[in-house]
Every structure is written in structure tokens, then in C-alpha cells.
Amino acid sequence: MEKSYISDSVIYVGADDKTLDLFESQYIIPNGVSYNSYLIKDKKNVLMDTVDKRKIDQWLKNVKDSLGDKKLDYLVVSHLEPDHSAGINILMNEYPEMKIVANKKTFDMFPQFLDLDFENRKTVVAEGDLLDIGKHKLQFFMAPMVHWPEVMVTYEQAEKILFTADGFGKFGALDVEEDWACEARRYYFNIVGKYGMQVQQLLKKVANLDIKMICPLHGPILKENLEYYINKYDIWSKYEPEDDGVFIAYNSIHGKTKEAIEKLAEILKEDGAKKVSISDLAREDMAEAIEDAFRYDKLIVASPTYDAGLFPYMEKFLRHLKHKNYQNRKVAIIENGSWAPMAGKCMEAIINEMKNINICSPIVTIKTTISKKNIEELKELSKNILEIEKEVK
Ligand code: FEO
């Protein structure tokens, strides 16, 4: 397959999974996911990571077919999460002379994942260490919390390939044609997003390497225009907005809050908003809502009051945002309540736990149906969040 061709000596041996219901038991993956694994053939043969147990048979066949009558000398374990480590024990049995290359943290965590004696199979590597396997030379860089504590990335010096573990990963099987940024962004913010600072450290660490190709553990091999992908990761990990636009996340029990949101969207567009994106949190993918909240520089949350508190989907959304370190944005709040509105206070309390959030006035309170006064408030809110007066000056 052309997409998975790397070079004559670096061979893709991973597998697509199109039947998994939820990645990490929570994220929908309409186009599946790939578990990537790579074989480097040289004087010594090295396998870069294994795959999820769901695809072990196909992966093992790929490894054996690619090795032919050669033996496997090393397995590099860059990340122990089970979607990449399910084949370690199989390889240990299949190739009794194979050494496992990993850092100390990985080996410390090994017994939690494997019930095998690995002591005499260990090759422990640390920051900057080199593994010389012939023409190819592997250099290791630690990447703690991108996205587990033991993660490391590997730079292959001869072909200038960076093996980035989960970094630069994307949902979607390899044989699917789709935009990289959309599903890579959804993957990033939901899976790695909490660890922006650690991603920044990794980007700085590899900034001086001459990188010709990026091989992640999920999604396509990145072969061209690498600045584009690295720039996206730089923006995302700095928690900077990527696009000028308004994301409206709402809940509506009987459609009244939805009517208010539709009116507001109309006003925002009249006021010149470059982009207005809307999500009904109860009906649409929560992970995509998280992605869109990070993508745009302005967020409006609108929720009815429920059980004297917040509607559960909005609570889940805001808690997720907080967990993912949402920050540096303008946020506006709209609440609805037919007799004792409480949603606004609840939303404000969670938003106030986040870093560097500018809450725009006014906080709009709707009593069931939007009133004329509410429409005036929405107009004011639109001007404030779009900073229209500032632009006129
Ligand atoms: Fe794809 Fe963090 O495992």
C-alpha cells in the first residue's frame, strides 16, 4: 500500500481496526483506527512497538512475512499502553534472543502489563542514547506524559525518521481518505490535550533534528510538508486558538434554549463573526465539541437548569474542558430556567476554575422563552464577544 510505504528497509507492519466501538472505551471512531508498528531491517532487525490485542494475528503475520528468514534482534517499546504493547509477550516467545529496548520507567511499569521474566532481555536506554544497528542508528528522547509517563520517541538518523509514539497520531484507519487536521485535532485534545506543557518540551527537544518523516503509532505516516503538522502541534500544545470563530455548545430540553441559540447565531453572523459552529451536547459527539472549543477563540455555553443545577451534558462538557486544561479564551454564558435559574452560576463556577478565561458580559438569563429584553442582551453579548467596539476604534 503506497500510504504505508516508508522505505525499502523501514516497513510498516501495523494494522487497521474498523470494528472497535469506542477508542479508549469512550471515543467514537467512525473511520476506525490504525495501530502502527514498524520494522527496521539492517544488520540487526528492530521492531518499533507492537499493536492492540485485537489485531495481533494480522500484525504477527506482517512481522514474520517482512522478516522472512531473518531473526528479530530488538523490540523498541516507546509506550506501554495496551493498544501498543499487546504483542510483547508473543515476540518474547517467538524470538528468544530478542532484546527489549526501553527506558527505566518503562521497565519499572512492565510487571503491570506482562507476566514474563524480562530481566535478561533488557536494554535500558536514557535520553540521547544511541542504538547502532548497521546503517541505521536509533537515538532516544524521553517524552514523559505524551501521553503516559514512560513515553519516549526515537529518531532514526540515517533516514531521518522520527517515531513519535502517540504524538502526531490521528483517529481513522490508514486506508481511509480524510482530512488529517480534523481527526488529529480530535485525537490530540481528547487524548494528549491535558499535557500541552510536556508536548512543548518535546517539540523543543526535537526542534534541531533534521526530520524527513514522522511515524506515529496511530494514523498516517507524515512524509511531506512537516512544518504544517509541527505548527499545528505547537499551536495546540500552547493552548492558543487555531481559528477566529465562535463555538456555541448548548443543551435544550424542549427546544427553547435552542431557539435562543439560533437567534444568537443569526446576530453573531450579522455582526460579522467569521465562523459560528454549534453543537447540541446531548446529541452530538462530545469529543468533537471538546475539539471545537479548543479550535476557536470564543466559546458560548448555553444550558437549561436541571434538578436545581446544571443539565448533565453541559456539566460533563465543562468538566472535560477543565480536565483538558482549557484556557486563554473568551467565554459567554446563557442560562435558562423556568422558575429558579441556577445553570449560569454552575457554569460560571466551573469556568472560573480554568486558567485565563475572560467571561464576557452579560450573563443572559432566559425564563423559558427568549424575551425582547433577552434579544437585546444577546445583541450586547455578540458585540462584546466579537469586540466590535474595539474593532471600530
Ligand atoms: Fe495509542 Fe497512549 O496509546
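**Salt bridges and the domain interface**

Glu242 and Lys232 form a salt bridge, with their closest N and O atoms 2.8 Å apart; the term stands for a side-chain nitrogen of Lys or Arg within 4 Å of a carboxyl oxygen of Asp or Glu. Glu242 sits in the loop between helix H7 (226-237) and strand S16 (243-250), while Lys232 belongs to helix H7, so the pair ties together parts that are ten residues apart in sequence. Helices (H or I, at least four residues) and strands (E, at least two) are DSSP runs, numbered from the N terminus. Both Glu242 and Lys232 are buried, where buried means under 20% relative accessible area, exposed over 50% and partly exposed in between (1.4 Å probe, protein chains only).

The model is predicted, so local features need pLDDT of at least 70 and side-chain atom pairs count only at pLDDT 80 or more, whereas totals for chains, interfaces and linings use all residues. Residues are numbered from 1 along each chain as its sequence is written, and side-chain values use heavy atoms, with hydrogens and water left out.

The domain assignment, automatic or from a database, gives domain 1 (10-237) and domain 2 (243-382). Their C-alpha centres lie 38 Å apart. Ten residues of domain 1 are in contact (heavy atoms within 4.5 Å) with eleven residues of domain 2. About 1,000 Å² is buried between the two domains, and carbon and sulfur atoms give 52% of this area; buried area is the accessible area (1.4 Å probe) that two parts lose on being put together, summed over both.

Two salt bridges are found across the interface of domain 1 and domain 2. On the domain 1 side, strand S4 (27-28) and helix H5 (180-192) each supply at least two residues that touch domain 2. The largest share, five residues, comes from H5.

Turning to another pair, Glu291 forms a salt bridge with Arg185, at 2.8 Å between the closest N and O atoms. This pair links distant parts of the chain, with Glu291 in helix H9 (residues 286-295) and Arg185 in helix H5, 106 residues apart. Glu291 and Arg185 are both buried. Arg185, Lys232, Glu242 and Glu291 are linked in a network of salt bridges.

The structure holds 32 salt bridges. Among them is the pair Lys61 and Asp65, whose side chains meet at 2.6 Å, N to O. Both residues lie in helix H1 (residues 56-67), four residues apart, about one turn of the helix. Lys61 and Asp65 are both exposed.
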